[in-house]
Amino acid sequence: MQRPRFELPEALVMEILSKLPVKSLTRFNCAAIWNPSTREFKILPPSSIQRPPYFSYFEETYLTLEDVSFNHAAFGFDSITDDYKVIRFVTLTYVNSEEEYPYPHSMCQVELYSLRSNSWKEIPSPDYTPTETTLGNNYVDGICYWKTMTGAYLDFRGLILSFDVGNEKFSILPIPESVGSFPEYYVDLLVFNGSLGAIVYPSERIDTSFDLWVTSEGVWTKQFNIKSISGVVNPLGFGKNGDLFLRDTNDEVLLFDASTQELKELEINTYLDHFRFAISFMLI
């Protein structure tokens, strides 16, 4: 019997890839844009952006660049210049090579790729940087979105970092407390029916329920609620028909049909390694 085919959301693929061992992932030292309609892809050129030196005033010396990692990539279309662009955050890790157990120091850069010029350039870093991976490529009407935070321990406040692909500027938007506040609730950003949305669920995950909120012109409205589902850990994203993909405590993928309130097991397991690694992939 032929198994049914599903359109898997980007976040589900990211969840599966995040289980891969680090040594396997570091072999992929290039990035690519994939066009799902034509099934063609373009390998992006390597960045030639210079990495700045780092001087430690505490250690009174320049540090050695030990690692460069790329995170929180997003993709969008600039209608003004008729250009596709890729943005990614770069984390630079510096250490004192003279010490046996050096303390790592970090610095952030932001790189922007233009398909028209087929090149990367550095743009000014925002005051806030993405704090978590997102449920897919959160791009709506020329703007990319990430979740970020402000505040001190146990007093965090969720914010939304946005990037306008056209004017290449960052902005900060609030997440209303009516939508959900940390630490009582987790708020994951996603795109639902062409609008920026947030799926909210309690941090105490014994029996998890989900609220879907969608924003339009800065106003958040609740779309629907999915009542308590036992054993579910977190959402993975929506399919094209509005079905919600979920991950349970056994790393199995579930499909929730919001119209019928039915839950299906897809016989897909995201567990490929004993450890989770914070590595972001750009899947277009």
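Reader: Is Asp 211 buried or exposed?

Author: First, a word on the model: it is predicted, so local features need pLDDT of at least 70 and side-chain atom pairs pLDDT 80 or more, while totals for chains, interfaces and linings use all residues. Residues are numbered from 1 along each chain as its sequence is written, and side-chain values use heavy atoms, with hydrogens and water left out. Buried means under 20% relative accessible area, exposed over 50% and partly exposed in between, with a 1.4 Å probe and protein chains only. Asp 211 has a relative accessible area of 17%, so this residue is buried.

Reader: Which side chain does Asp 211 meet in a salt bridge?

Author: A salt bridge here is a side-chain nitrogen of Lys or Arg within 4 Å of a carboxyl oxygen of Asp or Glu. For Asp 211 the N to O distance is 3.7 Å, and the partner is Lys 222.

Reader: How many residues apart in sequence are the parts that Lys 222 and Asp 211 tie together?

Author: Strands (E, at least two residues) and helices (H or I, at least four) are DSSP runs, numbered from the N terminus. Lys 222 lies in strand β16 (residues 219-230) and Asp 211 in strand β15 (residues 207-216), so the separation comes to 11 residues.

Reader: Which residue forms a salt bridge with Lys 85?

Author: Lys 85 itself is buried, at a relative accessible area of 6%. Its closest N and O atoms in the bridge are 2.8 Å apart, and the partner is Glu 168.

Reader: Why does the pair of Lys 85 and Glu 168 tie together parts that are apart in sequence?

Author: Lys 85 sits in strand β6, but Glu 168 sits in the loop between β11 (157-164) and β12, so the parts they tie together are apart by 83 residues.

Reader: What kind of pair do the rings of Phe 89 and Trp 146 make?

Author: Rings of Phe, Tyr and Trp (its six-membered ring) pair if their centres lie within 6.5 Å; planes under 30 degrees apart are stacked, over 60 edge-to-face and the rest tilted. Here the centres are 5.3 Å apart and the planes stand at 85 degrees, so this pair is edge-to-face.

Reader: And what about the rings of Trp 146 and Phe 170?

Author: Trp 146 counts as buried, at 2% relative accessibility. Its ring centre lies 6.5 Å from that of Phe 170 and the planes are at 45 degrees, so the pair is tilted.
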